[in-house]
Each structure stands twice: as C-alpha cells, then as structure tokens.
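Please look through the following notes with the sequence and the structure side by side. They are set out as numbered points, each on one part of the fold.

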Amino acid sequence: MFKKFSLAALTFAFSATSSFAATNITWWHGMAGRNGEVINEVSKKFNEAQSACALTPVSKGTYEEALASGIAAFRSGEQPNILQVFDAGAATIINAKGAVIPAEDLIIKAGHTFDRNAFIDGVRYFYADSEGKFVGMPFNSSAPIMYINDEALKKAGVEAPKTWEEFEAVAPKLKEAGYIPLVQSQLTWQFTENFFSRNNIQFATNNNGYDAVVDTELKVTDPNLIMMFDKLKAWKDEGYFAFYGAGWNDNQKVFEEGKAAFWIGSSGSFGGLQKTAQMPFSATFLPYWGSIKGAGTNSFIGGAALFAMSGKSDEENKCVADFFQFLTSPEIQYFYHKATGYVAITKAAYELAQKDGYYKEKPVAEVGIKQLLLPAGEWSKGYRLGFYPQIREIMEREYGRIFSGETTVKDAFDTIEKEGNELLARFAKTAG
Amino acid sequence: MTTATDLLPASRGGTGTKTGGRRFGAFRFFGGQSNSGGEGAAKRVQFSSPFLPYLFLAPQLAIIFIFFYWPSVQAIQSSFYLEDPFGFGSTFVGMTNYTDVLKSGEYLGIARFTAVFTALVTFFALSIGLLLAVKADGVIRGNAAYKTLLIWVYAIAPPVAGLIGMMFFDQHIGPIVELARWFGWDIKVGLNYFDTAFSMVVVSVWKQIPYNFIFFLSGLQGIPVSVREAAAIDCRSGFRRFWTVILPLLAPTAFFLLIINVTYALFDTFGVIDVMVKDKAANNPITLVYKVYMDGFRGNDLGGSSAQSVILMLIVFVLTIFQFRFIERRVHYN
C-alpha cells in the first residue's frame, strides 16, 4: 500500500516538475524609471501568456552600460539571450559577425512566418543588413519631433512652421512676444543624423556605411549641413535660438516652463512632458529646408533594438523567437506605445491604435509615427557607422565650441570629419 | 558610477599608488629595522615552518595578483592590438594605439587639464584642510561640534557629492550661480569650459577637505604639549612657530596626504566629473581617467583605451617614484 502510494506521489511529482520546467531566458536592457517598469510589465505578460518559457528582464543602467555589460558578458561566455542595443551602437554589434543571430533567421527557424512589410517603413532598414534582412528586432523606436508651445503661438499670432524658412519668418514675432523661439535637446541626433534623413542627403560613403566597413567616410562637410549650423549660430546671436549645453534636460526645461516656443525633442518625450509642461502643447514634424531639393523625407528611428545573442541552445533560441513574435503582436505594441510614448513599429499596431481612437484623444502621440511613415528617400533609411558613440562625442564637443565661440562652423565640421574618419578607419581594422 | 571606476583598467593605476601607500609603511619599517636588526631576527625564529609566512601572505598576494598584476598585463597586451569588442577579430598594430593617442591634440589637452586640475585640487584640499584643522585644534569650547560639522561631508559618496554640487551650480536653479550673478559673473556649467572646470574643482575640493582635516587634526594632536610650550617660550610670532615647529612635525602626515590627494584628484574624482558633465562631455573639461572610460566603456575601443590606461599607469609610477625619492627625503619621522 505504502509502496503504491509513494510511487503515485513520485509519478505526480515528476509529471508536475516536467510540466513546470520552463526554459529560462534573460533580457538585458538599458531602461530605467517608468520605461524600465513597462519592460517588466511586458515580460510578465509574456510569462503569463505561455508556460514553455520564463523571461527575466534585467536592467543594466543606461544604453551604453547595457552594451558594455553585454560585450563583457559575451567575452566570458555569460551573455544574456536578448540584449538591447541603442541606435548609435548598432554598428558595433551588427559588424561583430557571429555575436548575434539575425532576428529574421531566428524567427523563421522557430517556425513562425516573418513579413518585413508588416513593419512601418521608418523602422524597416535601420537594424537590417544591406539586403534588408532584420538583424536586430526593432523595439523602442522614436523620432525627433518638434513640440509646440500653443500659448506662445497664440500670443505671437503665428502658425507652426513646416520648414526652417517658415521658422525664420515667425521667429522675430515669437521673440517680440517674449519667447525664446527655438530650443533643442540633442544636436547630434536631431540636427546632424536626422538633418541628413529629413533633407535626404548622403551622410557617409559606402551607402551610409551599410555596404562595407572598410573605407567608409563621413560626409559632414556637406555645404547644406554647414549652412544649417551657420543658421543656428546666427539664430542664437539674434536671440531666435538658445543653447544650454549637451545635456538633454537643461534644454527641455526651458520649454517645460513655457519660456520657449518650439522644442525639438523625442516622440518618446511625450509621456513625461504631459506631467511636466506648464502650458498646453502640441507637436509637429521636425522641420526641413524647403530650399533643398527632395527634402521632407522620413526620419531615422532613434531608440533601440533587441538582439538575440549567439551561443545559446535551440530551446532557448526558440523562446527568444516566441518572445519576438509576442512583442510584435498588435496588442503588445499598442500597450507599449501607450505606456511609454515610443512609436508602434508595425502597421497592424498603428491601425489598432487608430481604430481605438487613441490619436483623437492624444494627437501628439501620432506625430512621431506619422513622421516615420513619410515617404522614404535614398538617404533616409539609416546609417551604419563604427565607433559611432565616439563620433557623436566629437560632434558634441565641436558643437559646444561653435556656440561658445571657440571655433567656426566650417572648422568644426572639418575637425569632425577628420577625427571621425580616423575612428572609422580604426574600426575597420578591429573588424579585420 | 563608482563601479565603473573600479572596473576601469586605469583605476588599477590608482591601486598602484595605494600599494605605494603601503610601501610607505614598509619604508618606515625598514628604517626602524636598520637601528635594531636583532629584533627582526628574533621574530623570524618564531615561525615553526619556513612556509608558514608565505601561507599568511598568500591571500594578500592572491588579491594583488588577481586584481592588479593580471589585469595590468592584459591591459598592456591589448594596448598593442586593435580589437573587435566582442573578441572575434583583433589586429596587431604595434605602437599605433600609443602614437594615435599621443599625437591627438585632444588627448594632450585633456592631459594638460588633468595636470592643472590635480594640482589645484590637491593644493586647495590640503591647505584648506590644514587651515581648518589648525583652527579647530585651537577651539576649546564646543570643539566636538565643530569637528563633527567639518567631518560629516566625508561620508558622502562622490557621485552624490557631484549631484549636490551640480545642484549648487545648476544653470536654472543653482544658488551659487545666483550668487555669482550678483557679481556680474554668469556661470554656465556645461557650456563654458572655464565655468565647468571651476565648479569641478570646487566640488572636488569640498569633498576632500574633511578627509584631510581628520588627518591633520590627529597629526596636530599628536604633537607633544611640551614642544609647543618650549616653542612658545622661544618665539612670540604664532605664524613663525607654526612654520618652523608645527609644520615640520606634521610633515609625515602631510606627505601621506599629498599622495592620497594626488591619487584622489587623478582617479577618485571620476564620480564628480561624471555627474557634472551629465554623461555628455561635449566641450567640457574631463580628466584622463574619464577619457579612458569614454573610449573604452562607451566607445568600445579596447585597444585605444588600454593604451591610455597604460600611459596612466606610467604616470602614476613616475609620480610615486618622484614622491618617495625627492619629497620623502625631507620628511622626518621622529
């Protein structure tokens, strides 16, 4: 009797453990605060939706820290299954052949179908290889957009500009009305990278770096870009533009306090701005130059993508693929879009949000996605540049010098191109 | 952020000076030994096995080897390579990483700033700490309260000190900025190179004063009353008494603090700088250690940042030798 009973108990225990033995996968990310909480919520939803896989998200600090931890872990064979890598770090991970399994391969291998056209145009190429195959899975995507202080416009009796020419026309009136016409929060992302995308100008040789790492060179001495910064400098001298350094928040604060008329921020700033802005605000696209032929194309996506690290078992890879599928489902995309302000990355999710009436209630939330949906140009698909975080640092340094009067715009871009190209050449050697 | 400094290849240079600090103790011991060599011999026979001393030393040696020598060797090795961060490909480039760094005007500018910054922080932190210690030493009533007030700042972690400092110097709400505006000085931290440098020095000095204060105060209290009284009889000028009697007696403490403060300014101010530049150095001044962090941890250029940390190691090495050879000679321990 006892024997029978214990056998039954044993069988029960065994079956119970086997049915609960989920495959564990980990996800390292660089998000904190509210955005970090949303990641936990998404993971919880995934774990509740199925029982075969158990996903554990781990915050590794900032984007840069997440990438550095991921690299260190990979070198010692302790890499997570999923690593979040930001836009500027994309070249580092994608060019390290063998560090990641392309998301598209992973998903197809797991038996799912993968349709590139299901993704909105602006996000489709940035983390893909030159043939368009998805290497990273776009996750949190944002676009640089222009926020508008509605009170300022009313007081000055002007309309929000679509082009920089229109901005030049309204700036004096805004200044007269007692406002700083323009502030921005990231000159590299908003006025350099996305200057090239919005105005459809080539950023670097070798198809913006997509085709090869060897001999890729920056084209930042483009006369149009120099013109943009000459204008910014002139606007600053005339009081149409104010610059508070490279820190994001120092510049945003002026807008939140209602002192500035326009602020170039991120579509992802929307959630926070709703709480901090002391005046009614709306938003529109990042302006472009009407005088540049072919301008007005979509912007690059900012934000980050998820990469499936190599060196993991098939079982775990299957779970990662399942998670990627789950993540791109319209419901989860819509949830994430609403909770964070990052744009929905699939067309189906965008339609769901439209149908639900979300944009009627919050029109600002739609601006970023609309800008990414604008027709693409030859040069608005993305860029793939090695050591790009360091190149950004050079830009930040030189831009600071331009506005403090230590250098001229022309000299600054000569320096950026020279030092940037040296870094690109060094990067090509590391890949050799 | 302190974890980042700890991870830095360069902070091993910092540990290097700390071992230097330990050597400082060893020097003293050797000094004593030459006077009474027999005592050392007497101690030696107490170990029953010749291996026992090594066994006792083993944990310390293991720590030094694992956390200092081994990573140093790795840093030296990777400084000759250009390496893919994920470890797939690497190219031997000889001295290219070093020549690239040393040819870069940017790097030399950072080195110059680091030298000036270290000199200023060390000088002001030491002199203000000494001044406060001398004054607090003279206070008779309520001296415990004064001392506590002067010491507590030391309990603040560097990044927090950086944060508090940042608030004082904030472009929009900083009280020091408001104050300076009264005198017609518009401080713009993050925009103006000089203003940012100024606030970095102020916050770094402020953070280090209590440490120096504690050591100077205990040094002062270790000076025998009889010596002070004898000096008071011989000389009426308080300043001269301090200069010729008290200060030479404080020299061992001051020398120790000099090394600690130079190390602090070179390495431990990382947290302060990181918070002050808010993750974006742009055209703001930074120190060599911060540059190593930027290139290695943010830029993923392992070869270049290894070369930089080897250069830092050499700087610290030279500095330590200099301090012991030329300055310590003037210090009298007894």
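1. With 28 C-beta neighbours inside 10 Å, A:Tyr342 counts as buried, a residue being buried if 20 or more other C-beta atoms, placed from the backbone, lie within 10 Å of its own, exposed if 12 or fewer, and partly exposed in between. This is a predicted model, in which local features need pLDDT of at least 70 and side-chain atom pairs count only at pLDDT 80 or more, while totals for chains, interfaces and linings use all residues. Residues are numbered from 1 along each chain as its sequence is written, and chains are lettered from A and ligands numbered from 1 in the order in which they are written.

2. A:Tyr342 lies in the loop between α15 (330-340) and α16 (347-355) of chain A, where helices (H or I, at least four residues) and strands (E, at least two) are DSSP runs numbered from the N terminus. Although A:Tyr342 and A:Ser141 are 201 residues apart in sequence, their C-alpha atoms are 5.5 Å apart in space. Leaving aside residues up to four places away in sequence, A:Tyr342 touches A:Asn140, A:Ser141, A:Ser142, A:Gly268, A:Gly303, A:Tyr336 and A:His337, contact meaning C-beta atoms, placed from the backbone, within 7 Å.

3. Strand β3 (residues 82-86) of chain A is mostly covered, with four of its five residues buried. Strand β1 (residues 23-29) of chain A runs parallel to β3(A) and is joined to β3(A) by two bridges, strands being paired if DSSP finds at least two bridges between them; here A:Trp28 stands opposite A:Leu83. With strand β10 (residues 302-309) of chain A, β3(A) pairs in the antiparallel sense over five bridges, and A:Ile82 stands opposite A:Ala308.

4. Where does chain A meet chain B, and which elements give two or more residues to that side? In total, 30 residues of chain A are in contact with 27 residues of chain B, and the elements in question are α3 (63-75), α12 (248-256), α19 (388-403) and α20 of chain A. The largest share, seven residues, comes from α19(A). The residues on this side of chain A divide into 10 nonpolar, nine polar and 11 charged, with Ala, Val, Leu, Ile, Met, Phe, Trp, Tyr, Cys and Pro counted as nonpolar, Asp, Glu, Lys and Arg as charged, and the others, Gly among them, as polar.

Key:
Contact = placed C-beta atoms within 7 Å.
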